[in-house]
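I opened this model to look up its loops, its helix packing and its ligand site. My entries follow in that order.

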Amino acid sequence: MGRGIPVRSVSARLSRVALAVAAAVAVSAVAWPVYGPSAFLTSAAILAPLGAVTMWLAHGLASHRDWIGGIRGRLGALAVLAAAQLVVAVGLFAVLMFVSNHDAFFMTVATGYAALIAVAAARLVAQRTLGDLDAVRSAVASVAGGSREVTVPVHGRDELALLAADIEAMAARLAAEEHARRELVASVSHDLRTPITTLQLIAEGLEDGIFEPERVRDRLHAIGTHVRALAALIDDLFELSRLEAGDVHWSMQQVRLDELVQETIEAMRPHADAGGVHVRSELRQPLAHARGNPEQLQRVLFNLIQNAIRHTPADGSIVVRAEPAPGPAVEIEVADSGVGIDPAAGDRLFEPFVQGPSRVAGETGSAGLGLAIARAIVTAHGGRIWLAQSDPGTRIRFSLPAA
Ligand SMILES: Nc1ncnc2c1ncn2[C@@H]1O[C@H](COP(=O)(O)OP(=O)(O)O)[C@@H](O)[C@H]1O
Ligand SMILES: [Mg+2]
């Protein structure tokens, strides 16, 4: 059983055919004032059926792609159709309008030639375009096959050239992402491996009884520290992957930044005191409320202040500032008087596992995820985080939309 033709497609085709007939009548009407009504009727009688048949066939070609497979074949058929209707129109005029044999002959020759040239010209244009299309197709196929260094040899500025540029950009992006993922896996493995190796050594030492009885307690304590650091690292990794996947289900509310800053500073104070670092806040009033999730925003502040404490020598100071910004937005910064960050490190420090030369070697609970998590949270809030210029020390600043 054949497939039925959908009613909508038939009515669309009929309306196109009607348009072609109307155009034939309109064009023939030009003959009326000059040669009278019978010239109009003859002309319309020739053009209208011709237009109708051509349009019917062209519509069929366009909507039944399986009639002639391939764009090449379909364009070729269209060119032949257009040329054929030209020849038929001229031929019919010649016969029905009783043109002399001599004139009819030369009209037919000229029209036949024009039709041939038209088909050849259409073929030429189509060939270039279809060549580009082939290049695009094989580029996509090679990306699908795993290749990441593709150049699509399409020139000019048409839609295919734009598509080719998009494909090249897509392949480059895929390559960068795959590279980043490999690096990430290597970093994760390394950061998990190091404490696990230490734990293994301690466990073996305990098993073999090589530690003095009074050192065993220290070893057990060390085990606890390493295990906590590992658990924190895994939590951070899990959190980061959720944030980066856009899996955020926080309740957003109006957040009073002055309270949030104050609370976080107080929570961090024992830590700062232990390092001999002074922490204070500077809140520029009137400060709009921010729109966000308080726990998450506190986590950002916590990560930034923790970094500041870690990289500021004793007697140094840390200032947490919050101020209104255009937008309306609020901007918050954590500034310290510590060792500072090379501006060339720039945005890279916000990538996961990227650590600067100032990182404290061998420190537990430090894997280069703090700033990455901070950035992911700020971005999920519709804000931005960046390294602001500071000499001496470091200033990390972020913005949040105001509530
Ligand atoms: N306040 C700061 N002063 C100096 N360096 C900093 C500061 N904050 C961050 N950094 C640098 O940025 C790197 C990345 O920070 P982060 O993502 O929090 O990772 P981590 O603290 O685990 O090393 C750190 O290793 C450090 O080199
Ligand atoms: Mg950190």
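**Loops.** I began at Pro328, which sits in the loop between strand S4 (317–325) and strand S5 (329–336). Strands here are DSSP runs of E with at least two residues, helices are runs of H or I with at least four, and both are numbered from the N terminus. I checked the peptide bond from Gly327 to Pro328, and it is cis, with omega near 0 degrees.

Before going on, I noted that this is a predicted model, where local features need pLDDT of at least 70, side-chain atom pairs count only at pLDDT 80 or more, and totals for chains, interfaces and linings use all residues. Residues are numbered from 1 along each chain as its sequence is written, chains are lettered from A and ligands numbered from 1 in the order written, and side-chain values use heavy atoms, without hydrogens and water.

I then went to Pro392, in the loop between strand S6 (384–388) and strand S7 (394–401). The peptide bond from Asp391 to Pro392 is cis, with omega near 0 degrees.

Next I looked up Asp315, in the loop between H9 and S4. Its phi is near 75 degrees, a positive value in a residue other than glycine.

**Helix pair.** I fitted H9 against H10. Their axes come within 9 Å and cross at roughly 150 degrees (lines fitted to C-alpha atoms over the stretch in contact, angles from 0 to 180 degrees between N-to-C directions). H9 is therefore roughly antiparallel to H10 (the term covers angles over 145 degrees).

**Ligand 1.** Which residues are closest to ligand 1? I found Asn307, Asp336, Gln355, Gly368 and Leu371, out of 20 that surround it (a heavy atom within 4 Å). Helix H9 (294–310) and helix H10 (370–380) each supply at least two residues of this shell. H9 gives the largest share, three residues. I sorted the shell into seven nonpolar, ten polar and three charged residues (Ala, Val, Leu, Ile, Met, Phe, Trp, Tyr, Cys and Pro are nonpolar, Asp, Glu, Lys and Arg charged, the others, Gly among them, polar).

I listed N or O pairs within 3.5 Å as polar contacts. A polar side-chain atom of Arg310 lies 3.1 Å from a ligand 1 oxygen. A polar backbone atom of Ala367 is 3.2 Å from an oxygen of ligand 1. Thr394 places a polar side-chain atom 3.1 Å from a ligand 1 nitrogen.

Key: Polar contact = N/O pair within 3.5 Å; in protein donor to acceptor, adjacent residues only side chain to side chain. Parallel < 35°, antiparallel > 145°, perpendicular 65-115°, else oblique.
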